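I opened this notebook to record what I looked up in the structure, entry by entry. The sequence and the model come first, and my notes follow.

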Amino acid sequence: MDWGAPAMMNSAADSSLRDLCCYGAGIAGNVFAFVLFISPLPTFKRIVRNRSTEQFSAMPYIYSLLNCLICMWYGLPFVSYGVVLVATVNSIGAAFQLAYTAVFIAFADAKQRLKVSGLLAGVFLVFGLVMFVSLALFDHKTRQIFVGYLSVASLIFMFASPLSIINLVIRTKSVEYMPFYLSLSMFLMSVSFFAYGMLLHDFFIYVPNGIGTILGIIQLLLYAYFRKGSREEAKRPLLVTHT
């Protein structure tokens, strides 16, 4: 009797279950991220309707575009194997951020148009430089580490947006500018990709999304605490800031 056969079958079953859970977590992360990506649509409908960017800022979309491009690069086989769902979610995110930026440029005044166009060119220049350096100077293993740390840094930098919202809620004691469903989507997306990274044992995925999960919990707790003092649900998305 081959006593090793049952152990091998159990190992294969465990591996299949792990792969299924990993795939499910990644798909869920993509779905919740999509909700975040479409959240600025009401803002841009207003911009198109009024044919003016008013006092809205393009900076959140510029930052998000660079972040999505770097994270997309990390998820591609040129850099990492087996994390294609990171590439898919960030390629979709990059397309949305580029579209938002293009609309902003189309309806901005001349000064803003020039500034945002320059920043957009800078984003692609930086991304092109990251691609060139990572391909030309590193082998696959060190390339993953190099781009991985860049993606972690860009994601942590992106957390300045929810941190600023948290600070605003505490100062004003109101959740007017922190829509519940947006905060919930951010939390669920972060949890999903945290689980995805943990199942893959990928430090560069689970660390920033672990931080995002903590921030998401804080936002939801603040919402529960301050919602009674809020006069109305915010209509502007989380990533929109005013100058």
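**Entry 1: Overall make-up**

I began with the secondary structure and found nine helices and zero strands in the protein. Read from the N terminus, the elements run α-α-α-α-α-α-α-α-α. I note at the outset that this is a predicted model.

I then looked up the totals. The protein has 243 residues, and 44% of them count as buried. Its accessible surface comes to about 13,200 Å², and 71% of that area belongs to carbon and sulfur atoms. I also checked how far along the chain the contacts reach. Among contacts with a separation of 6 or more, 79% join residues 24 or more positions apart.

**Entry 2: Helices α4 and α5**

Two packed helices are described by the angle between their axes and the distance between the axes. I looked up both values for α4, residues 84–107, and α5, residues 110–137. The angle is about 155°, and the axes lie 9 Å apart. The cut-off for roughly antiparallel is an angle over 145 degrees, so α4 is roughly antiparallel to α5. Their crossing is left-handed.

Which residues of α4 meet α5? On the α4 side I listed Leu98, Thr101, Phe104, Ile105 and Ala106. On the α5 side I listed Gln112, Arg113, Val116, Ser117, Leu120 and Phe124. By class, this contact has seven nonpolar, three polar and one charged residues.

**Entry 3: Helices α3 and α6**

I next turned to α3 and to α6, the helix of residues 140–158. These two pack at an angle of about 150°, with their axes 9 Å apart. α3 and α6 are therefore roughly antiparallel to each other. α3 passes α6 in a left-handed crossing.

The contact draws on Tyr63, Ser64, Asn67, Ile70, Cys71, Trp73 and Tyr74 of α3. From α6 come Gln144, Val147, Gly148, Leu150, Ser151, Ser154, Leu155, Phe157 and Met158.

**Entry 4: Gln97**

Is Gln97 buried or exposed? Its relative accessibility is 2%, so Gln97 counts as buried. Gln97 is found in helix α4. Leaving out residues up to four places away in sequence, I found that Gln97 touches Phe37, Tyr61, Ser64 and Leu65.

I looked up Ala33, which is found in helix α1, residues 4–38. Ala33 has a relative accessibility of 1% and so counts as buried. Beyond its neighbours within four places in sequence, Ala33 is in contact with Val89 and Met189. I also noted Gly93, which is 60 residues from Ala33 along the chain. The C-alpha atoms of Ala33 and Gly93 are separated by 8.0 Å.

Ile27 also has its place in helix α1. At 33% relative accessibility, Ile27 counts as partly exposed. Ile27 and Leu85 are 58 residues apart in sequence, and their C-alpha atoms are 7.2 Å apart in space.

Arg51 is not a glycine, although its phi is positive, at about 55°. With 61% relative accessibility, Arg51 counts as exposed.

Thr53 has its place in the loop between α2 and α3 as well. Thr53 counts as buried, at 5% relative accessibility. Neighbours within four places aside, Thr53 is in contact with Ile47, Phe104, Phe107 and Ala108. Of these, Phe104 is one of the α4 residues that meet α5.

**Entry 5: The loop between α8 and α9**

Where is His201 found? I located His201 in the loop between α8, residues 180–200, and α9, residues 203–226. Its phi is near 55°, a positive value in a residue other than glycine. His201 is exposed, with a relative accessible area of 65%.

Conventions
Residues are numbered from 1 along each chain as its sequence is written. This is a predicted model: local features need pLDDT of at least 70, side-chain atom pairs count only at pLDDT 80 or more; totals for chains, interfaces and linings use all residues. Side-chain values use heavy atoms; hydrogens and water are left out. Axes are lines fitted to C-alpha atoms, for helices over the stretch in contact, and angles run from 0 to 180 degrees between N-to-C directions. Helices (H or I, at least four residues) and strands (E, at least two) are DSSP runs, numbered from the N terminus. Angles under 35 degrees count as roughly parallel, over 145 as roughly antiparallel, 65 to 115 as roughly perpendicular and the rest as oblique. A crossing is left-handed if the near helix is turned anticlockwise from the far one by less than a right angle, and right-handed if clockwise. Contact means heavy atoms within 4.5 Å. Ala, Val, Leu, Ile, Met, Phe, Trp, Tyr, Cys and Pro count as nonpolar, Asp, Glu, Lys and Arg as charged, and the others, Gly among them, as polar. Buried means under 20% relative accessible area, exposed over 50%, partly exposed in between (1.4 Å probe, protein chains only). Accessible areas come from the Shrake-Rupley method with a 1.4 Å probe; for residues, only the protein chains shown count as cover.
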